[in-house]
Amino acid sequence: MEHELFTSAAAPLPLPAGVAYLAGFALAWEEALLERLARISAAAPFRHMVTPGGRMMSVAMTNCGALGWISDRRGYRYAQRDPESGKPWPALPAVIRELAIAAAGEAGYAGFEPDACLINRYTPGARMSLHQDRDEHDRAAPIVSVSLGLPAVFLFGGLTRRDRPLRLPLAHGDVVVWGGPARLAYHGVAPVADGQHPKLGPQRINLTLRRAGLPKINAR
Ligand code: SIN
Ligand code: FE2
């Protein structure tokens, strides 16, 4: 186990203030994570959501936790129920919560209590364009992002869209945490390259844990 912490490509340094890159941090939780992911996606299947502008996202998504991030023609927002089934999202598994709290703590954010876990599935070619995470009511809390499966290049920019993003290589088990002065940094994911991951096959899974707070009443 121990040596695996060093198999991930090192992040370019220095990282902006408020950002931590924890190579291999989630590997200790790997087996439990994969098992919980299978259960969650059976109860709330991955689906391609539509942006408010009407474009279908290349990333397929689902959620677990009290609040789930959704997008449709009405806007981006958090919802307590899966709009596909009308049922509450699957509960946030204790192991995922513990991983997120441990990663946030390691990054210097004590007291993180996630209430939302967005699960993104990237097949080769899928990408996420630069955006800010700003649908959360609570912006004091950091964002914890766990990467599994195929590698990807995480684009981490500044507080304006024009800031040239850093390119952080993310591998299976890597965790990135950002908050404080970087909480509203622009970020995205470059198109995922073809490949086969030994545990997850031709896909990258990303868990984004957040403290969303109250769901917004008004869609943007
Ligand atoms: C996101 O910004 O929601 C996704 C980030 C990722 O997939 O690494
Ligand atoms: Fe994001």
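Which element gives the most to the shell around ligand 1?

## Basis

This is a predicted model, in which local features need pLDDT of at least 70, side-chain atom pairs count only at pLDDT 80 or more, and totals for chains, interfaces and linings use all residues. Residues are numbered from 1 along each chain as its sequence is written, chains are lettered from A and ligands numbered from 1 in the order in which they are written, and side-chain values use heavy atoms, with hydrogens and water left out.

## The shell around ligand 1

β12 gives the most, with 4 residues. Strands here are DSSP runs (E, at least two residues), numbered from the N terminus. At least two shell residues come from each of β5 (116-122), β6 (128-131), β11 (187-189) and β12 (204-210).

The residues that surround ligand 1 include Tyr122, Met128, Phe154 and Val189; a residue is near a molecule if one of its heavy atoms lies within 4 Å of it.

## Polar contacts

A polar contact with the ligand is a pair of N or O atoms within 3.5 Å. Oxygen atoms of ligand 1 lie 2.8 Å from a polar side-chain atom of Arg204, 3.1 Å from one of His131 and 3.2 Å from a side-chain N or O atom of Asn206. Of the 260 Å² that ligand 1 exposes when taken alone, the protein buries 99% (Shrake-Rupley method, 1.4 Å probe).

Conventions. A polar contact is a pair of N or O atoms within 3.5 Å; within protein, one must be able to donate a hydrogen and the other to accept it, and residues adjacent in sequence count only if both atoms are side-chain atoms.
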